[in-house]
Amino acid sequence: MVLIERLGRGIIVGIEDLGRIALLLVDAFGWLVRPPFRIGVMLKQAEFVGVQSLFVVILTGGFTGAVLALQSYHAFRLFTAEELVSVAVALSMTRELGPVLTSLMVAARAGSAMAAELGTMRITEQIDALATMAVSPVNYLVTPRIVAGVVMVPLLTVICDVIGMLGGYIVAVGLLDIPSGTYLSRMWEALYFEDVVDGLIKSVVFGLLIALIGCYKGFYTTGGAEGVGRATTEAVVWASISILVSDYFLTALLF
């Protein structure tokens, strides 16, 4: 009976969380079409999510492309098809690894910061103070972060894709002696614009999930300093899980 009770309580809490997340998302989107428009706050959040994540995204994309080239070369060499290394690198980066790895890095860096910042504001009653001054906390705190996530994660994904393919090119041509012309021509033949677009569609969804989960966990933080730490951890964990789970369904739908 205790096990059933715990299971039922967990299900109820999960349904309540989904409902509050949905209401928060609807409220945040509602503020996109009615004033005041927090353009300055949106730009500040875009700089935080995008520009400040640039280094880690470039590092991740470059070494991911390099490893892809190295591993796929040894696999294709078994079938004397080394010229297909560029195809494997380009398609893997644009369709899958670019959007997913970029989003995971942003979730770890920016999503956790969103939860920590909003959680601290909730614990110190700053969010309540905004409401007291007739300033919508959702309009001021949540909507700009969601816009930043939806806009900047796809831009970071494009950079990750390009750097990843560059890293694969450097390894394949510079270390594995694959002719440059063969590498580029094969990649050009295999890579279609739809592959890039589908990867960007994924990154838009991932960016929304990162910002929404980070804001939700911070916005409804309870329990003092311990609660802020718990909310930050949960934001990263649940954002990462959401990215990986939604990636499967998006892949099945788009490809």
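Which residues line the largest pocket?

Reply: The model is a predicted one, in which local features need pLDDT of at least 70 and side-chain atom pairs count only at pLDDT 80 or more, while totals for chains, interfaces and linings use all residues. Residues are numbered from 1 along each chain as its sequence is written, and side-chain values use heavy atoms, with hydrogens and water left out.

The lining of the largest pocket consists of Gly14, Asp17, Leu18, Ile21, Leu209, Leu212, Ile213, Tyr216, Lys217, Trp238 and Ser242. A pocket here is an open set of points on a 1 Å grid over the protein atoms alone, where a 1.4 Å probe fits, with protein on both sides within 12 Å along at least five of seven lines; a lining residue has an atom within 4 Å of a point. The elements that contribute two or more residues to this lining are α1 (2-30), α8 (193-219) and α9 (224-254). Helices are DSSP runs (H or I, at least four residues) numbered from the N terminus. The largest share, five residues, is supplied by α8. Seven lining residues are nonpolar, two polar and two charged, where Ala, Val, Leu, Ile, Met, Phe, Trp, Tyr, Cys and Pro count as nonpolar, Asp, Glu, Lys and Arg as charged, and the others, Gly among them, as polar. The space in the pocket is about 290 Å³, a volume being the space filled by probe spheres set on grid points that are joined across faces, edges and corners.

Helix α9 also contains Gly227. This glycine is buried, at 3% relative accessibility; buried means under 20% relative accessible area, exposed over 50%, and partly exposed in between (1.4 Å probe, protein chains only). Beyond its neighbours within four places in sequence, Gly227 is in contact with Thr221 and Thr222, contact meaning heavy atoms within 4.5 Å. Gly119 lies 108 residues from Gly227 in sequence, yet their C-alpha atoms are 7.9 Å apart.

Pro36 is located in the loop between α1 and α2 (39-49), and the peptide bond from Pro35 to Pro36 is cis, with omega near 0 degrees. Ala134, in the loop between α5 (126-132) and α6 (137-175), has a positive phi near 65 degrees and is exposed, with a relative accessible area of 73%. Asp177, in the loop between α6 and α7 (180-190), is not a glycine but has a positive phi of about 60 degrees; Asp177 is exposed as well, at 64% relative accessible area.
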